[in-house]
Amino acid sequence: MSYLPGGVAGSKLNSEFAGELLQWIGKTLYTGLYASTEESLQGLFDSLNGALSSASREITKGPKLWNDSAYSTVQGVAENVCIPIAGAFITIILCWELLHMVQDSNAMQNVKPDKLMFTLMKFCLCLIVCTYSFQIVMAFCDLGMWAAQKLTQSSLSIDMSPTMNDLKLFAELEEYTLNDVLKIAGYKLVLVLARFGIWICSLLVYIRIMLWFVEYLIYASVAPIPYSARINRQWSQVGMNYTRKMLALSFEGFFILLLYAIYGGVLGGLQLGDFTQSLVMVIGCGFGLAVMMFKVGNISASIFNAH
C-alpha cells in the first residue's frame with residue numbers, strides 16, 4: 001500500500017497544475033477584455049456629439065453655404081428654365097382674363113380704363129415677383145436661419161464619461177473565475193452594440209439635415225411657376241399654398257434645433273445610476289431624437305397650414 005501516498009501527491013499536483021492553468025487562461029482573457037473594454041469606453045459619445053454639433057452649424061449656415069455648387073445649379077434652373085415657363089403661364093392667364101373682360105363688357109364697349117389698367121398692373125407686378133421669386137423664397141430661408149441661430153447657445157452634447165470603476169471592473173483580481181470573464185465579456189458586447197447604435201443615430205442626423213437642404217432647394221428651383229398663378233383669382237391659391245410650404249420648410253431647421261435643445265434637456269435631467277441602464281436610456285433617447293427629426297416636416301407643415 002506504499003503507492004497510495006505517492007498517488008495522492010500526484011493527484012494533488014495535477015489538480016494544482018490544472019488550477020494554475022485555468023487561472024492563467026482566465027487572466028489572459030480577462031486582461032485582454034479589460035483593455036478592449038476600457039478603450040471602448042473612451043469617447044463613447046463623441047460621434048453623436050460631433051454629429052449634433054455639425055448639424056447645428058450646418059442648419060445655421062443655410063443652403064448656399066451648405067453646398068454652393070448645388071445652390072448655383074438650382075438658381076440657374078430657376079432663372080433660366082422656370083422663369084420662361086412662368087412667363088408663358090402669365091401670358092396665358094392674361095389672355096384668358098382679357099377674353100373674359102371682352103365677354104363681360106359687351107365687346108369692349110363698356111370696359112372702364114381703370115379696370116384695364118388694374119389688370120395690366122397685376123400683370124407687371126406678377127412678372128416682377130416671378131423674376132425675383134428665387135430671392136424671395138431664399139429670404140424665407142434667411143428668416144428661418146435667423147430664428148435657428150437664437151437656439152445655438154443651447155448645449156447639445158452628451159456629458160457622460162463612464163470609467164471602468166463605474167462598471168465595477170478592476171484591472172487585477174485575486175482570482176480569475178469564469179463569472180468574471182463572462183461579466184467583462186458582457187460589458188464588451190454591450191459597448192459594441194452601443195457604439196453601433198450611436199453610429200446609426202449619428203448617420204440619421206446627417207441624413208436628415210441633408211434631405212432638408214435638398215428638399216428646400218428642389219422646391220425653391222420652381223419658385224417662379226407657382227407665383228405666376230397669383231395673377232388669377234381661381235389659381236391664386238397655388239401661389240399661397242407654395243408660400244406656406246416654403247415657410248414651413250424654412251422653419252424646419254429651427255424646429256430641428258429646438259428638438260436638439262429638448263433632447264439635451266432630457267439627458268441633463270437623467271439620474272445616472274446603473275451604467276447599463278443609463279446607457280440604454282441615452283441610446284433610446286438618441287433613437288427617439290432621430291425618429292422625431294423625420295417628423296419635424298409634418299409638425300412645421302401643420303403649423304403653417306401647408307399641404
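**Exercise 1.** Among contacts between residues at least 6 apart in sequence, what percentage join residues at least 24 apart?

*Solution.* The model is predicted. Start with the elements. The protein chain has 12 helices and zero strands. From the N terminus on, the order is α-α-α-α-α-α-α-α-α-α-α-α. Now take the contacts in the protein chain between residues at least 6 apart in sequence: 85% of them join residues at least 24 apart. Buried residues account for 37% of the 307 residues.

**Exercise 2.** Which residues of H6 are buried, and where do they lie around the axis?

*Solution.* First, the helix. H6 covers residues 133–149, 17 residues in total. From first C-alpha to last it reaches 24 Å, close to the 24 Å expected at 1.5 Å a residue. Next, burial. The cut-off is under 20% relative accessible area. Ser133, Phe134, Val137, Met138, Phe140, Cys141, Gly144, Met145, Ala147 and Ala148 are buried in H6. They cover an arc of only 165 degrees around the axis, so they sit on the same side of H6. An α-helix has 3.6 residues a turn, so residues three or four places apart point the same way. Asp142 and Trp146 are exposed on the other side of H6.

**Exercise 3.** Which residues form a nonpolar patch on the surface?

*Solution.* Begin with the whole surface. The accessible surface of the protein chain is about 17,700 Å², with 64% belonging to carbon and sulfur atoms. The patch consists of Phe196, Trp199, Leu203, Tyr206, Met210, Leu211, Val214, Ile218 and Phe294. Together they have about 880 Å² of accessible area. Check one member. Val214 lies in helix H7, residues 178–221. Its relative accessible area is 34%, so Val214 is partly exposed. Patch residues need over 30%.

Technical notes. Residues numbered from 1 in each chain as written. Predicted model: local features only at pLDDT ≥ 70, side-chain atom pairs only at ≥ 80, totals over all residues. Heavy atoms only, no water. Patch = residues over 30% accessible without salt bridge, like charges linked within 9 Å, V, L, I, M, F, W, Y side chains within 5 Å. Areas by Shrake-Rupley, 256 points an atom, 1.4 Å probe, with all protein chains shown as cover. Salt bridge = Lys/Arg side-chain N within 4 Å of Asp/Glu carboxyl O. Helix = DSSP H or I, 4+ residues; strand = E, 2+ residues; numbered from the N terminus. Buried < 20%, exposed > 50% of the residue type's maximum accessible area, 1.4 Å probe, protein only. Contact = heavy atoms within 4.5 Å. Expected span 1.5 Å × (residues − 1). Arc of directions from axis to C-beta.
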